[in-house]
Amino acid sequence: MAAGSPAPPARELAVPEPGPGLEQLVEALELLLLPPAGPAEPGPEAPLPPETLRSNAAALEERLRRAPGWAGLRGLRLAVLARAPALAAGAAAAEPGWAAACGLLALLLCLRDRLLALAGAAPAARRAGPEAAPAPAADTLSVAQSRAVGRALRAALGLGLVPYLPPGVGQRPGPPAPAPPAASGARLYAAATTLAELAQHPALGPLLLTRHLGLLLASLCLLGHGPAARCQGVSEAERARCRETLRHILDQVYQPLAVRELLVLQGRPKQSPPSPGEETKPALAPAPAWLRRLCGQLLSERLMRPNGVQAVVRGIMEGTGAGGAGAEAAAVDWRKCDAVAKILASCPQQCLSLKDYYCLVCPQILDMLHIQDKLTARQLQRVATSTLLTMARGQPGLAEQHLLRPLLEPLLRCSAPAELAVGDFPAGTVLVTEAELGSCVEDVLKVYVVGNDSSSLLLGSLQSVLGVVFSLYSFAKQNVSYLRSLCQEILLWFLEKSEREASLAVLEGLVGLRGSVSALHPRCRFRLGSEGGAAIVVEETISDEDEALYQKVSSEQCRVENLVELLSHCQESGLAGDFFIRCLKALTHVAVEDEAAAESAAEPGGSLLELEQYRARQGRKLLVLQLVATLCESVSDTVFTDIAQVEEFVAATLQRACLSPARGPGAAAEAQTLAMAMGLVAAMLGGAVQLQSSDFAVLKRLVPLLEELSQTYPEPLTQELATDLRVAICTHGAVTPGTLGAAAGSVLGKKPGTGAQSPAGSPGGAPSPGGGRAPSRHSRSSPSAPREKSEEQSLSCEPCAVGPAPAPCTDSLAPVGLQELLVSAYDPQPSGRAAALRHLARLITQRDPEALRLQEKLLQVFLENVQHEDAFVYLSAIQGVALLSSKYPEQILPVLLAQYECPAQGTEDTTATVTRMKLGEVLMRVIQALGDMVFKHREPLVRALLRGARAPDSSLRASSLSNLGELCQRLGFQLGSIVQEVTSCLTAIAKRDPEAEVRRAAVHVVVLLLRGLSEKATEVLQDVLRDLYRLLKHVVVAEPDGTTVLHAQLALEELDTVMRRVLFPPQTLEKKIVVLP
């Protein structure tokens, strides 16, 4: 080919230029770094003496001239030195250190050129054989070669950069380096630019930048931004090139590594003392002022880049350990986290506007809360939380706009004040996805609860979404979701950290008594997600008034129950007691409003506005009554934590009695509540609680109310008791009239013949042995049948309850017999009737002979009380019937089944349906109690339940199917021939019943049937298994009710599990040992 004619491009790509191999280049590098002969100095990194460097350079030159096969390396080296005259001049210099550095850099450039040439060649052919590994690329360095190249780079840096850096530029421990020669600037520029070229190569760059980035950055900073006196021999164009190279390397390198190296270059401030444990380390020269300013500017630029916040945080925190125990220790080190937070919260000088800085940085801070890497997530989330709180304290307005509102945006989007246009959001639109809602709730927990900063800004921002959080908590309580515990912690944290009045106002807003909390938008509903969370969707407005009313009532009941459940965790702080008292005061206002409304009701006419106000008052009244009733039922036993709360409770009760004395149908309940409150004060005064002088100061607030009650209340006994209580409080218990003992005994559960001793009769106010507090044997479980008799006995025992040395009364009550219990089972008061029924049930459990002889009478009593409207009464009766039936199923069960199938004549349809449902509850308890013995009564039970499944009322049909499922689950493989009847009934109901709840119950029976049979399902249900499978598939495809489809899917999963166990039984590894005879 003629000289100067270009070669074909294909041949240039296919055949590399002739040159030295990688082995020769690595051997040449090792020859330059060959240690001297003789005993080696300790440590692999011992510096080579000048004589060794000079002899190694001479040996390399000799080998390049004379050794066969090294001509290619010699030619490549000459070409490289021709392109770099500074290195060529340095290699021929008399100073051995600089000459060795230039020789190493020249060989590294040769290695770079050779690797580029090999990379452009054709890829290596694959080895023969399908299982053979592919051959590595031609430009791949082996492990040993990479190690040798790393030693060469380290030596080039130590000989070509370190001697020419002034003290403080590039932190190096030990004594200060000697003064560099006059040509240090030119030499430093030659070495730094050569290393920057090597850093661009994909194979050599990682070896250089991961270990020696700091020295390279220090050299470029000095050349580009250092004082002119330190850069002699470097032109302005060359300095500009160094500045450009510095920016390029900082942009291309791993950003946390760049941040960490810049922090090291910046060094410790002049005034900063050494950290603990660093006093014994070699002293580091302080960085000059120009370098500190430059590093600060470069760090600010790193921060202002995309994802710069995370890079800065990782660069600072990864030095403490990027994972494992190091990450845990760094997360616990809150001082370092707070220091990083202060850095991020302060606006750098390069940013002209604080608002622009917050717009750039705040989204990155919120993104750090979503880090999924378990090794670093805790570090970054802790720093993000600290930064957010620091910004909220420093710039509340900007923090609320750019941090808190975006953080809470998914919850604010679906709150009541949000503007949701019907046209913009049609029904079925997913307003907040499951992932978005779960991430938002977790972020709120991290920032508010874990951060634990109770500033007014954070509490106010969280209060704006508490209604949605509480609705989500209520939804999660009704379903299975991991969000329940998160929402509970958020709500409890707010209630604990807020002022007491603010917490009470929020509680009233959550339950609907006050509009201080933004609730969930009326058109928004929660929907279960596939990952255990929830999504928020838009639903259509309910047009049916009855359905809308039902949804409203059930929603209010659910809110009340969940609020009371939440308050059960706040009893120690006293919040539950304060809220209970607040509700009692609201009840007093309701009573006053009722009296005012009753007086104005006599006036004819009335506008529509007045009617709406009346309906609002009635709704508020019902809500307050429901709330008070639920609080009394759930947390009343431990609701009060101190005397002050007890005083407020009694004051609220007395005030209600003064404003509206007990009249009308609720007079008995009001009088009983008043007697309980006054008895509570009498018990405290009688020695149940050790009262101090400060406690009497609190109780004196009751004196005006007691005085008013003694003058205005219509009942004389209550007036007398109010007068006596006022006297006892004013005298600090020194004078205790006689009525206080009986009132205290009724509260403490004493026998009428015993009472608390007066503090005047015993030093210190302690009760004497004669006034013991042992509760009566039947005081809670069996009230006396004739009320007049108990009143006479209490009056006759009253003189014994007071006095300096009370003695036991001789006219005490005798043990209550069975006959009296039967009479008490018809007590007009529900509490007395329920207590008697409970006591009768206990006698059956204890196999009392007298009770067992009257089992038919007891059954009649229980069955009659099953029809009672009070839940406590009929549940006690159900328990008694279930106990009788489980003890004597042969005699009792036929009677129950007869009444279940044919209700009593003359009763209304609704009453008969409710009674049959209660009897169904009895049958279910009997089935559970009998266990495997239920097989003996299989046919009559199935017949009765199948008849109940054809009842006109949908609730009764659903109840019968639920009981049938329980029976089938208990029978298991003993179903026998009735499985055909059960399957036919379930198929007909699941396909044709008009009510969704009944179809839902039918499919649930299939679930229970498969779950009870488990692996025996293929044997027991072999004749109907195909029909059941087709039924479930039909439900999944054609059923409009979502819950029914869910039950069908559960049944199919159960069936799939059963079939997999049958078709693919688990393999068991067994060894059989046979003993030969």
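The following legends describe several close-up views of one predicted model.

Local features are given where pLDDT is at least 70 and side-chain atom pairs where pLDDT is 80 or more, while totals for chains, interfaces and linings use all residues. Residues are numbered from 1 along each chain as its sequence is written, and side-chain values use heavy atoms, with hydrogens and water left out.

**View 1. The chain as a whole.** Of its 1077 residues, 45% count as buried. Buried means under 20% relative accessible area, exposed means over 50%, and partly exposed lies in between (1.4 Å probe, protein chains only).

**View 2. Two nonpolar cores.** A nonpolar core is a set of buried Ala, Val, Leu, Ile, Met, Phe, Trp, Tyr and Cys residues joined through side-chain atoms within 4.5 Å. The largest core has 208 residues, and Tyr 448 and Leu 627 have the most contacts inside it. Helix H6 (residues 96–119) supplies the largest share of this core, 13 residues. A second, separate core of 83 residues includes Ala 834, Leu 893, Tyr 900 and Ala 944. In soluble globular proteins, nonpolar side chains tend to be buried together.

**View 3. The surroundings of Tyr 448.** A contact means heavy atoms within 4.5 Å. Leaving aside neighbours within four places in sequence, Tyr 448 is in contact with residues including Leu 404, Asp 453, Ser 461 and Trp 493.

**View 4. The loop at Asn 452.** Asn 452 is placed in the loop between helix H19 (434–450) and helix H20 (456–463). Its phi is near 55°, a positive value in a residue other than glycine. Asn 452 counts as partly exposed because its relative accessibility is 41%.

View 5. A salt bridge is a side-chain nitrogen of Lys or Arg within 4 Å of a carboxyl oxygen of Asp or Glu, and a search of the whole structure finds 28 of them. Another salt bridge joins the side chains of Arg 302 and Asp 251 (3.1 Å, N to O). Arg 302 lies in helix H12 and Asp 251 in helix H10, so this pair ties together parts that are 51 residues apart in sequence. Arg 302 counts as buried because its relative accessibility is 3%, whereas Asp 251, at 31%, counts as partly exposed.

View 6. Arg 413 forms a salt bridge with Glu 409, the closest N and O atoms being 2.5 Å apart. Both residues lie in helix H18 (residues 396–413), 4 residues apart, about one turn of the helix. An α-helix has 3.6 residues a turn, so residues three or four places apart point the same way.

**View 7. Helix H38.** The 17 residues of helix H38 (residues 871–887) should span 24 Å at 1.5 Å a residue, and the end C-alpha atoms are 24 Å apart, which agrees. The expected span is 1.5 Å times one less than the number of residues. Buried residues of H38 include Val 873, Ile 878 and Leu 884.

Notes:
Helix = DSSP H or I, 4+ residues; strand = E, 2+ residues; numbered from the N terminus.
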